[in-house]
Amino acid sequence: MRDCVRQWWPFVAGALATTGLLLGAYLGLARGSGASATQAAREQVPRDDALPVKAVPDRGTRAKPMSGYTTWFEPGEPRVRNIALATEILDGHVVAPGTTFSFNDVVGPRTESRGYVPAPAIMGSRLVNDVGGGVCQVSSTLFNAVFRAGLDIRKARAHSMYMPEYPEGREAAVSYPGLDFTWRNDTNRPVRIEAVLTASSLTVNLWGERRYRVLSRSSERYGFTPFSTGSGRGWDCVPTRGRNGFEIDVWRTLLSDGRQVRREKFHTEYRPQPRVTCLE
């Protein structure tokens with residue numbers, strides 16, 4: 001993905017501041033579930049940051065569940081292969097205390113030689129088919145788990161256009177090697193990433209030792225921008241229905257022993273997504 005960019009910067013205020021699926025299993029699962037159930041689940045994006053993560057064995061460590069998040073996709077799409085490849089690499093990765101996680105460093109290049117395939121990706125103001133399209137779903141799911149865990153988000157930008165797979169104003173786009181998602185383990189114990197893939201969903205759980213309680217809230221959409229209409233040709237053209245652009249604000253408050261430690265504001269500006277018809 002060469003361009004998954006939109007403006008999205010955190011402003012900080014306050015006193016102080018999976019088991020992964022093998023690709024063979026993925027190919028069998030991807031032909032299973034129906035799209036209607038997936039779409040229904042996608043409409044119900046969880047908003048409660050206190051939701052518990054799935055209780056699974058901690059593989060012999062003393063790690064505790066910190067947070068978890070699930071996003072959804074349509075089974076069988078080409079992008080699911082790219083999601084599966086990145087998920088398999090991410091699953092089981094451990095971030096030591098005081099160190100910074102880099103998505104691009106861990107997952108690496110998204111190239112055909114490494115098994116990635118063309119799938120829809122945002123470039124400029126349109127969706128086009130590009131090798132590695134869909135990997136942003138992995139980084140955005142991880143972002144929301146990190147957000148809920150209260151970990152230190154260091155660098156994150158998001159898509160230039162709103163994508164319904166993710167909660168408004170809470171996502172992290174990536175493009176190798178330039179656009180990265182990084183966060184720091186500011187706890188006293190290692191954080192282990194567990195990434196779980198099914199036929200229609202991706203869940204990222206974080207295991208470690210929680211430092212803060214997290215509260216969050218989002219504004220209503222505002223600053224609407226109407227979408228335009230256009231057409232395209234070629235194998236890389238992706239038809240889109242068109243969505244208005246808008247702005248939204250998200251606040252994350254970190255609490256320790258009931259006291260506010262830090263409050264962050266994330267301001268997001270989504271460009272309009274044009275209505276595109278692909279011509280033969």
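## Disulfide

The count of disulfides in this predicted model comes to 1. The bond is formed by Cys237 and Cys278, whose sulfur atoms lie 2.1 Å apart. The pair links distant parts of the chain, the two cysteines being 41 residues apart. Cys237 belongs to the loop between β13 (229–233) and β14 (240–243), while Cys278 belongs to strand β17 (residues 273–279).

The torsion about the S-S bond of Cys237 and Cys278 is about -90 degrees, and the disulfide is therefore left-handed. Cys237 counts as buried because its relative accessibility of 15% falls under the 20% cut-off. Cys278, with a relative accessible area of 29%, is partly exposed. A further cysteine, Cys136, is buried at a relative accessible area of 1%.

## Helix α5

Helix α5 covers residues 136–149. At 1.5 Å a residue, its 14 residues should span 20 Å, and the end C-alpha atoms are 20 Å apart, in agreement with that expectation. Of the 14 residues of α5, 14 are buried, so the helix is largely enclosed by the rest of the structure. Just after α5, Gly150 adopts a positive phi of about 80 degrees.

## Helix α3 and its packing against α5

Helix α3 comprises residues 78–90. Its 13 residues should span 18 Å at 1.5 Å a residue, and the distance of 19 Å between its end C-alpha atoms agrees with this. The buried residues of α3 include Arg79, Val80, Asn82, Ile83, Ala84 and Leu85; Ala86, Thr87 and Leu90 are likewise buried. Gly92 follows the helix and has a positive phi, near 90 degrees.

The axes of α3 and α5 come within 8 Å and cross at roughly 50 degrees. On the α3 side, the contact is made by Arg79, Ile83, Ala86, Thr87 and Leu90; on the α5 side, by Gln137, Val138 and Leu142. By residue class, this contact divides into 5 nonpolar, 2 polar and 1 charged.

Phe246 lies in strand β15 (residues 245–256). The residue is buried, with a relative accessible area of 2%.

Leaving aside neighbours within four places in sequence, Phe246 is in contact with Tyr162, Glu168, Arg221, Tyr222, Gly223 and Phe224, among others. The contacts of Phe246 also include Thr268, Glu269 and Tyr270.

## Backbone features in loops

Most residues other than glycine have a negative phi, and most peptide bonds are trans.

Tyr176 and Pro177 are joined by a cis peptide bond, with omega about 0 degrees. Pro177 is located in the loop between β7 (152–155) and β8 (182–184).

Asp257, a residue other than glycine, has a positive phi, near 55 degrees. Asp257 is found in the loop between β15 and β16 (259–270). With a relative accessibility of 79%, Asp257 counts as exposed, because the cut-off for that class is over 50%.

Conventions:
Residues numbered from 1 in each chain as written. Predicted model: local features only at pLDDT ≥ 70, side-chain atom pairs only at ≥ 80, totals over all residues. Heavy atoms only, no water. Helix = DSSP H or I, 4+ residues; strand = E, 2+ residues; numbered from the N terminus. Expected span 1.5 Å × (residues − 1). Buried < 20%, exposed > 50% of the residue type's maximum accessible area, 1.4 Å probe, protein only. Contact = heavy atoms within 4.5 Å. Disulfide = S-S within 2.5 Å. Axes fitted to C-alpha atoms, helices over the stretch in contact; angles between N-to-C directions. Nonpolar A, V, L, I, M, F, W, Y, C, P; charged D, E, K, R; others polar.
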